[in-house]
Amino acid sequence: MKTGFYPRLAWDGIRKNKRFYLPYILTCAGMVMMFYIIHHLAAMPALDSMAGGATTKMTLGFGVWVIAVFALIFLTYTNSFLMRRRQKEFGLYNILGMGKKNLGLVYIWETMMVFAISMTSGLVCGIALSKMAELGLVHMLYGEITYDFTISTEVLFDTFLVFGIIFAFLFLKGMFTLWRLNAISLIKSENTGEKPPRANYLLGIGGILILAAAYYIAVSIESPLLALSWFMIAVIMVIIATYMLFIVGSVMMCRILQKNKKYYYQKKHFVAVSSMVYRMKRNGAGLASICILSTMVLVMMLGSGSLYFGAEDSLKTRYPGEISASAEFVPFEEDHVDLSEKKDHLLAAIHQVLDESGVIPQNEECYVSASVTGMLADGTFTANPEMVNSAKVNTMKNVAQVYFVPLNEYNACMSADETLGEGEVLIHCVRRNYDDPQIRLSDGTVLTVKKQVEKIMGSGDAAMDIIPSVFVVVNDLEAISDSVNSEFTNPDYFIRSELRCGFDTGLEAEEQIRLAEEIHTCLSEMNAEGEGGFYSYNVECREEERADFYGTFGGIFYLGIILSIVFILATVLIIYFKQVTEGYEDESRFAIMQKVGMTKKDIRKSINSQMLTVFLIPLAGAVLHVCFTFAMVQELLALFNLRNVSLMILIMAITVLIFGVFYGIVYKVTSNAYYNIVSGKQ
């Protein structure tokens, strides 16, 4: 054969099938572009010096792998559309004398051409837009904007490596398809209808049970820690159940519509239903993919959008006061710490700094408490950090950080007038519920819950902990500490006593940060001189942490936007390939119907019937998934101290509305392509 025969044949195949190859190449280029941009942002040196930069870099690094894995899965899926379309052409080549080896040479040239075009265009766009993406990220992180333009050779190499592996896999998969089919099978591949799956009723019942179990997990979890443990399990269950139900549902719906003679034997319904029968399983799998991708977009924007726009709420939950100072002690059984004396000493030092700065503290809360980690279940609290570290998924709900607070400190800070009898306590729960009337300690001490209070000081500490917290207001803190410490022989596990003082200042941000630094210096000098006797101490300033909060949440939101764009592009491409592929498959049916009197108007009505019958189902399924996932997302966001439910509902409503409009526009555009094919216009 002449030199260049195979490349020319491969290029002709791409050019003649440009209706399929052009969207595919654009998608490949888009994946390359997104991968390069996210990898470029994750490797950006400027992040190292930004507030929240380390967290953002870790988040974007995770996004790099998400894009890589999704690109492999999605390009494999869309490549199957191309292979199905090209099988007839390859079968014809085979009949004309080309062997499987020759077909492989054509296919490898096609793969290399698509790879070269995709990589070139994707990297050019990625490099061109990377600076714009960088400026957007820096702006969201409140960093200092620079206009230096850099291209990382490491990022370029990783991009080539990842997509080289993906395209190599696609080539091997395509060759396997060509190798196992003979010429006749290849030619007839487009005209082969599908048989319904066996035992489809059992498959459907299984799908319903799996989906019901996933929904139950999502709505029943009341602990953020459990939500974190079960989230991926629930997601996998929803994906599996969605595919099972859509495949079985597509078959059952076709059978039901066919049996309804008044519906089936109408011009606008007959062709649409018969077409769905022809490709039952593939139709269900395609719709399930659209549903899953739509759900991913909605959930991602719900979570990341809620975090970004609720950052201020989260910040104030974590830092109730503008400035807070704390000091921690570890009391030993033979050497109790006089917390009252230490508290007065700490307060005197802090107030001296405030007086020197001319600041009068506002909304001041100063108190002592003791905390320990353990398992709280069935009315019994076992203080044992080792049990917490080895907790399994089924016992994770019992993990709790318990804070014991003296009654007099609670009344003073909360302006309350509560009283407690012998053995009575007040409790306040954060990120969990506790309904037992008593709390039994391991040494036999029984604490009777008098009532649960709605608010308590120290909520910032609980907001910081990833595990749920329970505040227990007691009469005698020292006696409770002795009861808990009696369980331990290792001093590292002894209950930790803490002094905390939080207040507002009314100062500007820079002045607040300066004042916090002065208080920290004061505590450091006290401890160095032996006056403090602290095990540890800390000073926190809300304004100093603000940039880190907004930087972290801004990075998550930014990644959410980029991944949502990727998933939306994937959704659009699946809808497009589904419409165009099915258009060519249905072209002959509509041609026959037009010969017996079907008009262009009737074709349009048939297409609209198919839209109402089929394409609204994935959107409805996605909205249903999001509604049931809402409770779990709410618990996950609680890990970031966000419990603004009204904000989450508003963001979910706006996201669903915008996506629904976009979904309708995409369907309208792609249905026009379907119409042009089946009506003979193209």
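Reader: I am looking at Phe-659 and Tyr-663: are they buried or exposed?

Author: Good place to begin! In this predicted model, Phe-659 and Tyr-663 are both buried. They sit in helix H21, which spans residues 645–678, and four residues, about one turn of the helix, separate them.

Reader: How should I read a pair of rings?

Author: Two things describe a pair of aromatic rings: how far apart the centres lie and the angle of the planes. Let us start with another pair here. Phe-115 and Phe-167 are edge-to-face, with 5.2 Å centre to centre and 70° between the planes. This pair links distant parts of the chain, 52 residues apart: Phe-115 belongs to helix H4 (residues 100–140) and Phe-167 to helix H5 (residues 153–180).

Reader: Why does Phe-167 count as buried?

Author: Because its relative accessibility is 5%, and buried means under 20%. Back to your two residues: Phe-659 and Tyr-663 form a tilted pair, at 6.3 Å centre to centre and 40° between the planes.

Reader: Which residues do ring pairs link into a cluster?

Author: Tyr-308, Phe-309 and Phe-557 are linked that way.

Reader: Now for open space: how much lies in the largest pocket?

Author: The largest pocket holds about 1,800 Å³ of space. Its lining has 48 residues, and Phe-231, Met-232, Val-235, Met-296 and Met-300 are the closest to the centre. By class, 38 lining residues are nonpolar, 10 are polar and none is charged.

Reader: And what classes line the second largest pocket?

Author: There you will find nine nonpolar, five polar and six charged residues. Helix H7 gives the largest share of that lining, three residues.

Definitions and conventions:
Residues are numbered from 1 along each chain as its sequence is written. This is a predicted model: local features need pLDDT of at least 70, side-chain atom pairs count only at pLDDT 80 or more; totals for chains, interfaces and linings use all residues. Side-chain values use heavy atoms; hydrogens and water are left out. On a 1 Å grid over the protein atoms alone, a cavity is a set of points where a 1.4 Å probe fits but cannot get out, and a pocket is an open set with protein on both sides within 12 Å along at least five of seven lines; lining residues have an atom within 4 Å of a point. Grid points are joined across faces, edges and corners, and a volume is the space filled by probe spheres set on the points. Ala, Val, Leu, Ile, Met, Phe, Trp, Tyr, Cys and Pro count as nonpolar, Asp, Glu, Lys and Arg as charged, and the others, Gly among them, as polar. Helices (H or I, at least four residues) and strands (E, at least two) are DSSP runs, numbered from the N terminus. Rings of Phe, Tyr and Trp (its six-membered ring) pair if their centres lie within 6.5 Å; planes under 30 degrees apart count as stacked, over 60 as edge-to-face and the rest as tilted. Buried means under 20% relative accessible area, exposed over 50%, partly exposed in between (1.4 Å probe, protein chains only).
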